[in-house]
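I opened the model this morning to look up a few things. My notes follow in the order I took them.

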Number of protein chains: 2
Amino acid sequence: MARIFILRIGHRVFRDSRVTTHVCLTARALGADGVIIADREDKVVESTIRDVTNRFGGPFDVQSGKPWKQAIREWRAIGGRIVHLTAYGLPLPKMLPEILDAKGDVLVIVGSEKMPGEIFKVADWNVSVTNQPMSEVAALAIFLDWFRQHREFEHEFSKAQVQIVPSRSGKKIQQLPPE
Amino acid sequence: MARIFILRIGHRVFRDSRVTTHVCLTARALGADGVIIADREDKVVESTIRDVTNRFGGPFDVQSGKPWKQAIREWRAIGGRIVHLTAYGLPLPKMLPEILDAKGDVLVIVGSEKMPGEIFKVADWNVSVTNQPMSEVAALAIFLDWFRQHREFEHEFSKAQVQIVPSRSGKKIQQLPPE
């Protein structure tokens, strides 16, 4: 199966830590392989996400501090394709068939309000999830749901210590035996 | 068409203002009718969202400060149904047909980590978008996309001053004549 990584650009420590945490949780829950937080180290976000992965399972990779140009260069070097989620791009329903046909590993770039203009040029696809001012967390969620063709609901996590038991009206969580 | 409002519970001014702004932008972009931020007034979030609505179109309603119990009581009084998005709930793919069959107006409750236990009882449906630790912004996005059966990509906004022109590799925005 194609590997999916998220490249989070424009992260500022403290100010963006919660929204970037949402980006990481979304990526993990929807079956992506990992998140690279570009340019700035954020050990707090990293450790929050590692803790979730230790408890609820993985594998899921999170790293921070790598310059975005380097992350893109390395992704290109292994033959990966690049999707940039932006309200200015072409609509997801129109672009998805082309992206799925390409079949390779995909790096999904999500940013804050001000993205470097070069990102629009370096991406294979500039994709919009509605052409409205939008949360990048929401855009990422819908992109991953469509890209994985809703299979995230069956995604199996490995080495989880606990798991939620779906319930009609309560909170059920169970311990799991070591794998 | 069924009306959709979001009830945001557990909002704390400053600490949650950015995430709640993401909730509001997601709701608007995906064609919901409005957001009620429960219990605490947040004029900054309200004015950010009103500004977006003035520029990019509406209608979209945002209000803050109403106690959550009152919001739910008023929603019930007009015959509306209630969906609570929670990682502990039953999976969206399983619950959606029942929710769509009910046909009424829907209040979608999204909260922060600690939700009052009563919410699980008061909701008609406790629905999970994956049973994993999850961003409420992401869960809301996927719920609305499925609930609206992807029609949000054709949603028409009224009285917009500007609109984004979808583009393969740039940023295009155009002024609109007054309606």
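Ground rules next. This is a predicted model: local features need pLDDT of at least 70, side-chain atom pairs count only at pLDDT 80 or more, and totals for chains, interfaces and linings use all residues. Residues are numbered from 1 along each chain as its sequence is written, while chains are lettered from A and ligands numbered from 1 in the order in which they are written.

I stayed with A:Q149. Its phi is positive, about 50 degrees, although A:Q149 is not a glycine. It lies in the loop between α6 and β7 (162–164) of chain A. For element names I use DSSP runs numbered from the N terminus: helices are H or I with at least four residues, strands are E with at least two.

A:K159 is found in the loop between α6 and β7 of chain A. Phi of A:K159 is near 55 degrees, a positive value in a residue other than glycine. Is A:K159 exposed or partly exposed? It is partly exposed, because 13 other C-beta atoms lie within 10 Å.

Then I looked up the cis bonds. The peptide bond from A:G58 to A:P59 is cis, with omega near 0 degrees. A:P59 sits in the loop between α2 (43–56) and β3 of chain A. In chain B, the bond from B:G58 to B:P59 is cis, with omega near 0 degrees. I found B:P59 in the loop between α2 and β3 (61–64) of chain B.

**Entry: the sheet of chain A**

What is the strand order? I read β3-β2-β1-β5-β4-β6 in chain A, 6 strands in an open sheet with parallel pairing. Two strands pair if DSSP finds at least two bridges between them. β3 (61–64) and β6 (125–128) of chain A stand at the edges with a single partner strand each, so one side of each has no neighbour in the sheet. Neighbouring strands are turned by 25 degrees against each other on average, direction ignored.

I went through the pairs of β4(A), residues 81–91. It is joined to β6(A) by 5 bridges, and the two run parallel. A:V83 stands opposite A:W125 in β6(A), and A:L90 has A:V127 as its bridge partner there. β4(A) and β5(A) run parallel and share 4 bridges. The partner of A:R81 in β5(A) is A:V106. How many residues of β4(A) are buried? I get 8 of its 11, so the strand is mostly covered.

From β4(A) the chain crosses through helix α4 (residues 92–102) to β5(A), and this β-α-β crossover is right-handed. Right-handed here requires that, with the strands pointing away from the viewer, the path from the first strand over the helix to the second runs clockwise.

**Entry: β6 in chain B**

β4(B) and β6(B) pair in the parallel sense over 5 bridges. B:P91 has B:S128 as its bridge partner in β6(B). Both faces of β6(B) are covered: B:W125 and B:V127 on one side, B:N126 and B:S128 on the other, are all buried.

In chain A, helix α1 (residues 17–29) packs with helix α6 (residues 136–147) at about 5 degrees, with the axes 9 Å apart. Axes are lines fitted to C-alpha atoms, for helices over the stretch in contact, and angles run from 0 to 180 degrees between N-to-C directions. α1(A) and α6(A) are therefore roughly parallel; angles under 35 degrees count as such, over 145 as roughly antiparallel, 65 to 115 as roughly perpendicular and the rest as oblique.

I listed the contact: A:V19, A:H22, A:V23, A:T26 and A:A27 from α1(A), and A:E136, A:V137, A:L140 and A:A141 from α6(A). Contact needs C-beta atoms, placed from the backbone, within 7 Å.

**Entry: chain B on chain A**

The contact takes 41 residues from chain B and 42 from chain A. Which element of chain B gives the most? α1(B) does, with 7 residues.

Key:
Contact = placed C-beta atoms within 7 Å. Buried ≥ 20, exposed ≤ 12 C-beta atoms within 10 Å, placed from the backbone.
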